[in-house]
Amino acid sequence: MRIIRMFKTNIKNLLNNLGFKVGTYMLLVSIFPLITYLILNNIVVSKNFSRIEQSNIIEKAEKANKIFQSEALDLGKIARDNGVWDDFYQKIEEKDIGWFKENYSEWIPDNFGIDLILIANRNREIIDQYGLKYIDDTELFDDNMIGAVLSGEYDEKKNYPSGMKVYNGSLYIIGVSPILLSDYEGPSRGVVIFGKKITPEFLQNIKGKFGYDIFFLYGNEFVSNTKISKEFEKYFDITTKSNNKKTFELGKSNIIGSISIKDISDEKIGKLYIVESRDIFLSTLSLIHKNAFRIFILACILSLLLGIKLKNIIVRPMKELENEIAKMREKNSPIHVETKGSNEFIDFSNSLVKSLNQMNDSICCYKKENKSLRLISNTDGLTSLYNHRYFYECFNDKIKSGRRAITVLFCDIDKFKLINDIHGHNTGDIILKEVGNIIRELVQEKGLIFRYGGEEFVVMMDNYTMEKSFDLSENIRTNIIKSKKIQQYSGDLPVTISIGMASYPDDSIDAKDLIEKADKAMYFAKQNGRNQCCIYNEKIDEIITQDSAEFAKQETLIDSAFAISAAIDAKDVYTGKHSELVTRYSLLLAEKLQLSVRDKYILRIGSLLHDCGKIGIPDDIIHKPTRLTYEEFNIIKNHTILGYNIAKHIVKNPIIISCVRNHHERWDGNGYPDGLAGQDIPVHARIVCVADAYHAMVSDRPYRKALSQNEAFKELRKNKGTQFDPDLVETFIETVQEDCEEG
């Protein structure tokens, strides 16, 4: 009993011993995270590795399928090179069987590795054949695509059928071509079909080139290279052809990926399978498990050792340390600290933490103040973006840290001074904020954004390719055009942005020089019509110098057009900013039609000036609150001629002038002043015609209230083909609806 009591006492003392407690806590702190790690390793890591493995095998299956598609395209080219040939065209008409036999069935297979040849005229008479199931077999003619080519219903763009086809129980790659003259003219005189049979030898050759183990299942047939047949065929259940899973394991050491294959008529005919070893995946998981176990053992040992030493290193000196800190606080001066240690950690820990927290609070307060001051010094007050000065600091820091590539996007709002002059600086500030918000939303964490100047923004992309940077620039440009928040403050004329791009170190290794080159690329974009993105190259410097005078003329022309349109709109209080809104609708339609930058520039001037002739129309007619008389309407109609006489002294471009003179012409020829009809009306004038009519309908008039949008759409559809170009009406309606949804 005495021994038992002594044992219990020793155990109790051990459990109450601070060193033992610290060691135990350290061990538990180590064990629980490691146990969690092992669980996550088996659940999360294994799943992620499996997902990566499956994604990789599917990607390889898709690449393998593209290999066969490429083979089919090559075979289709061979068929087209023979079928679209004047001599071939003549010989098929003459039914010169000997010529075809000598040049094709007796020569082509050996020289091109062709397993199937079928040459037939438009009457489905087989002129030459090789590899058919039996002589004059017409089974291939039953295919929809081959039948279409044979009957002459081939694609005018010369995209003739090529791909896979099951024939006579075998899988072929085939290429098909109609028989035409070498200039692709003349009626089709028949069809040429070349095919390569997918055999084990063919698949073994594919493996030799690309390293892929591939096999096919189609119907109940199975074809693979020799190695796959011997190793897997006895394990592979032929019923897996009905399994829609894209990947599955074959034993423990292999994984199979599958992809459906279709024939040239887009009908599913089977599946392509690719086999991949799982050795890397399995060995990686094994290595992770072994390392986790080793770390676990090492952590346990270190925790035990640390727990043993912790009492002498930390616990015992703590009380003395607290006393010394108290002395330092009382004397307000540092003193030499000597500790003898103590076992009473709990008694003094709260006091020690309080003392240390007082010191930390003071330090944190200073850090927050410094951080706030630094943020203010680096930030633009209006947009909350980084400022001009901070750009150079960030750029140099990135260079020092060893960044390999930096792309700079230099963005400048087009005609911003004109916006400020017309609408005031408050509106200008709102537009600047919204542009900054759009850029911030698109860039997010991928780069840094700076307000470089008045209407200039710079985006710094780290390790971003020029291709991706261009796509980002295009997104910024188009989102600004589509933003209702911006366009509503611009007087309803599109606010656009021009963007230039340059990269480090390809274009320059100096921050200032890099910005200058991006700025030149941006200026080049402005010279070419604005609202576009441009990548810097060395030729831009020379082009900018040569075209600067012409660019100045364009600037003057745009400003003049704005001034004239403002004067016209001021005459008519009912339609308000009619010219600006017609211009906006015209440019939205031009963007939808994917017109060139030059065409959009011409359309912008033409639509701004389209009603300039109304300057010469008496105000009492324009403001008349009732319907016009016949004589008054004739006076109004004369504004197209008056506008023409004004515009031809301002611009020399006939397309711009046609927008002024011919925007009231009708598709059926009953318009004015020239009675043009259909395609004879310039397309720019037809666009202005639709935009002008739509805005007139949705605007209040002295003699009627504005129509609703749906009522205006109904009128446009009612008059398409008579008043309006029928091809433009539906596109215009779709464009306006999209614009309203985005707004």
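The model is predicted.

**Helix H11**

H11 runs over residues 388-400, 13 residues in total. At 1.5 Å a residue, H11 should span 18 Å. Its end C-alpha atoms are 19 Å apart, which agrees.

Which residues of H11 are buried? They are Tyr-390, Phe-391, Cys-394, Phe-395 and Lys-398. Seen down the axis of H11, these buried residues fall within an arc of 140°, so they line one face of the helix. An α-helix has 3.6 residues a turn, so residues three or four places apart point the same way. Phe-391 and Phe-395 are four residues apart in H11, about one turn of the helix. Gly-402 follows H11, and its phi is positive, near 90°.

**Aromatic pairs**

The whole structure holds 28 aromatic pairs. A pair of aromatic rings is described by the distance of the centres and the angle of the planes. Two of these pairs are set out here.

| Pair | Centre distance | Plane angle | Class |
|---|---|---|---|
| Phe-68 / Phe-202 | 6.1 Å | 40° | tilted |
| Phe-391 / Phe-395 | 6.1 Å | 35° | tilted |

Phe-68 lies in helix H2 (residues 18-83) and Phe-202 in helix H7 (residues 200-210), so the pair ties together parts that are 134 residues apart in sequence. Phe-68 has 2% relative accessibility and counts as buried. Phe-202 has a relative accessible area of 15%. Phe-202 is therefore buried too, as the cut-off is under 20%.

Phe-391 and Phe-395 both lie in helix H11. Both are buried. Ring pairs also place them in a cluster with Tyr-386, Tyr-390, Tyr-392, Phe-410, Phe-450, Tyr-452 and Tyr-504.

**Thr-496**

Where does Thr-496 lie? Thr-496 is in the loop between helix H15 (484-487) and strand S15 (497-504). Buried or exposed? Thr-496 has a relative accessible area of 8%, so it is buried. Its side chain makes a polar contact with the side chain of Asp-414, at 2.6 Å. Leaving out residues up to four places away in sequence, Thr-496 touches Ile-413, Asp-414, Ile-481 and Asn-531.

**A charge over a ring**

Arg-661 lies over the face of Tyr-644. The distance from the ring centre is 4.7 Å.

Key: Residues numbered from 1 in each chain as written. Predicted model: local features only at pLDDT ≥ 70, side-chain atom pairs only at ≥ 80, totals over all residues. Heavy atoms only, no water. Helix = DSSP H or I, 4+ residues; strand = E, 2+ residues; numbered from the N terminus. Buried < 20%, exposed > 50% of the residue type's maximum accessible area, 1.4 Å probe, protein only. Polar contact = N/O pair within 3.5 Å; in protein donor to acceptor, adjacent residues only side chain to side chain. Contact = heavy atoms within 4.5 Å. Expected span 1.5 Å × (residues − 1). Arc of directions from axis to C-beta. Phe/Tyr/Trp six-rings, centres within 6.5 Å; stacked < 30°, edge-to-face > 60°. Lys NZ or Arg CZ within 6 Å of the ring centre and 35° of its normal.
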